[in-house]
Amino acid sequence: IYPSKNQTDPEDDPTFKIFKLDHDIPICESVSPNSSYRWHSMDDEQFAAYRKRLEDEVCAFMDEVEKKEGREFDYLISHHAFTNAMAGAQIVKRRHAEGKTKVKHFNFVHGTALKMYIKEKDGDPEYPMRFLKLAQEHGVFNDTEGCAGIWVNSEDYIGKFSDCFPKYPRSNLVFSRIGVNQNIFCPKGTKIADLEKHLRDEDKGKLANIKQAVTFVGKFADWKRLDAVLYAAQKYEAEFPDLATMIVGSGPPEAIELYEGLAKKLELKRTFFLGPKGQDVLAELFSASEVGMFPSYKEPFGMVFIECAACGTPTIGANSGGPTEFVTDDIGVLVDEVDNWREEAGAKKLGESVAEQVSQALKEDWKGKSRGPKCVPFVSKSYSTLAQCQGMLRNMVEWTRPPRLMFHIGTNNWQRQGEFAPGSGILHASMHQTFNSMPGVKCYSIYPSKNQ
């Protein structure tokens with residue numbers, strides 16, 4: 001089940017439903033193309049009503065499915081460490097009270113909810129302390145009863161999550177390498193001329209002299225740093241008269257006005273704003289591009305990097321956040337961070353660095369000769385959706401199985417109570433202690449001794 005204001009239940013697929021809204025989808029932190037409606041704008045009564053209705057509709061759908069399937073659900077996964085997680089914990093309690101004790105709840109932590117908690121914790125005036133305290137007091141992340149296991153989409157988020165919810169055991173908190181659907185994101189053989197259908201009407205016909213393209217994809221939020229991309233375009237447009245820049249994404253009206261206004265101010269001639277686009281169009285754009293440019297500040301993970309690479313196209317990002325964990329010289333480049341990036345001088349400096357890499361990518365033919373050929377194999381090996389889901393299933397089985405019991409029969413005494421122990425006794429004691437420190441294992445032992 002997922003929320004939507006505009007979509008309706010499918011007629012041809014019984015495996016999902018819509019949690020129907022009469023308002024935009026609430027967001028935790030930065031705006032998206034679909035919404036700028038923040039959770040913080042809800043009052044307590046509205047927030048409680050949202051959670052209760054979500055709980056009721058999920059339970060009703062689960063009951064309906066179980067009646068049809070003739071069996072109970074094993075696993076319930078909530079996405080985002082916020083409203084859905086609290087609802088998930090409540091659903092498990094409710095079902096247990098009804099005698100349905102099989103289901104276990106897990107949570108997938110995406111970036112924005114955690115960012116919201118951190119902003120509240122740090123005293124950001126736009127995010128007064130409210131929801132972090134609520135989640136802590138609710139207790140969903142106090143132990144494995146409320147949530148049997150947690151995945152985060154960036155290794156950096158393990159520590160940040162623990163800072164917000166220190167009671168949760170780290171043994172059940174793991175990094176899940178995000179996967180991409182390679183049936184959608186794969187080299188499409190798209191040509192520059194094929195992109196004209198995605199341009200605004202007033203821009204159609206402007207690709208006649210264009211032979212190459214680079215692409216930016218992201219919501220129009222300051223930390224995505226589209227301004228730096230536009231400053232970069234000013235540089236490389238002067239160097240490459242046959243190069244176009246495709247800008248995909250959107251935001252609130254004031255953000256659209258800001259960035260499109262900056263493009264006009266910089267007198268960019270071959271920079272096209274396409275608005276938000278679906279995955280199939282993104283795959284075409286990436287396939288036709290020489291590089292993808294995503295210089296976000298501390299990007300939580302950077303799914304767009306993987307999607308771009310899956311289409312055989314190298315990437316340029318910034319040396320912070322999630323991309324530092326996987327963007328290597330084989331598939332792209334991360335430019336140095338700039339401390340004052342929120343100021344015009346800093347944005348320009350970052351833009352210069354991006355422009356330098358774009359220039360190098362074109363001159364050295366990254367896509368055709370060096371980095372491009374390595375992109376698809378890189379994604380196939382480590383970042384497919386299938387590999388991710390298989391890993392998550394293994395985690396869920398491991399987290400919820402009863403502790404495995406083992407018994408050791410020792411050949412010599414342990415070193416305790418003042419008695420010397422030979423090597424085999426020392427090893428046995430060490431094994432016993434180590435097994436008992438491992439999640440899902442309980443070890444018992446016996447060993448001989450005259451004195452102990």
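The following legends describe an overview and several close-up views of a predicted model.

**Conventions.** In this predicted model, local features need pLDDT of at least 70 and side-chain atom pairs count only at pLDDT 80 or more, whereas totals for chains, interfaces and linings use all residues. Residues are numbered from 1 along each chain as its sequence is written, and side-chain values use heavy atoms, with hydrogens and water left out.

**Figure 1. Overview of the chain, with 13 helices and 14 strands.** Helices (H or I, at least four residues) and strands (E, at least two) are DSSP runs, numbered from the N terminus. The C-alpha trace spans about 90 × 55 × 45 Å along its principal axes. Of the 452 residues, 49% count as buried; buried means under 20% relative accessible area, exposed over 50%, and partly exposed in between, with a 1.4 Å probe and protein chains only. Among contacts (heavy atoms within 4.5 Å) with a separation of 6 or more, 70% come from residues 24 or more positions apart.

**Figure 2. The largest nonpolar core, of 45 residues.** A nonpolar core is a set of buried Ala, Val, Leu, Ile, Met, Phe, Trp, Tyr and Cys residues joined through side-chain atoms within 4.5 Å. The residues with the most contacts inside this core are F185, L207, M246, F286, I306, F326 and V379. At least two core residues are supplied by each of β4 (104–109), β7 (212–217), β8 (243–248), β9 (271–275), α8 (279–288), α9 (303–310), α11 (372–382) and α12 (385–400). Leaving aside residues up to four places away in sequence, I306 touches V180, F301, F326, F378, V379 and Y383. Another core, of 42 residues, lies apart from the largest one and includes F19, C28, A81 and A89.

**Figure 3. Packing of helix α9 against helix α11.** Two packed helices are described by the angle between their axes and the distance between the axes. Axes are lines fitted to C-alpha atoms, for helices over the stretch in contact, and angles run from 0 to 180 degrees between N-to-C directions. For α9 and α11 the angle is about 120 degrees and the axes are 7 Å apart. The two helices are therefore oblique to each other; angles under 35 degrees count as roughly parallel, over 145 as roughly antiparallel, 65 to 115 as roughly perpendicular and the rest as oblique. The crossing is left-handed, a term used if the near helix is turned anticlockwise from the far one by less than a right angle, with right-handed used if clockwise. I306, A309 and A310 of α9 meet C375, V376, F378 and V379 of α11. These contact residues divide into seven nonpolar, no polar and no charged; Ala, Val, Leu, Ile, Met, Phe, Trp, Tyr, Cys and Pro count as nonpolar, Asp, Glu, Lys and Arg as charged, and the others, Gly among them, as polar.

**Figure 4. Packing of helix α8 against helix α9.** The axes of α8 and α9 lie 8 Å apart at an angle of about 60 degrees, which makes α8 oblique to α9. Their crossing is right-handed. Q279, L282 and F286 of α8 form the contact with V304, E307 and C308 of α9. By class, the residues of this contact are four nonpolar, one polar and one charged.

**Figure 5. Packing of helix α6 (residues 226–239) against helix α7 (residues 253–265).** The helices pack at an angle of about 15 degrees, with axes 10 Å apart, so α6 is roughly parallel to α7. The crossing of α6 and α7 is right-handed. On the α6 side, L226, D227, L230 and Y231 meet Y259, L262 and A263 of α7. The contact comprises six nonpolar residues, no polar and one charged. G261 is also found in α7; this glycine is partly exposed, with a relative accessible area of 33%.

Figure 6. F131 counts as buried because its relative accessibility is 0%. Residues up to four places away in sequence not being counted, F131 touches W39, H40, F47, F82, M116, Y117 and E120. Between F131 and E419, which are 288 residues apart in sequence, the C-alpha to C-alpha distance is 55 Å.

**Figure 7. E155 in the loop between β5 (149–152) and α5 (156–164).** E155 has a relative accessible area of 46% and is partly exposed. Not counting residues up to four places away in sequence, E155 touches F175 and E325. The C-alpha atoms of E155 and Q46 are 34 Å apart in space, and the two residues are 109 apart in sequence.
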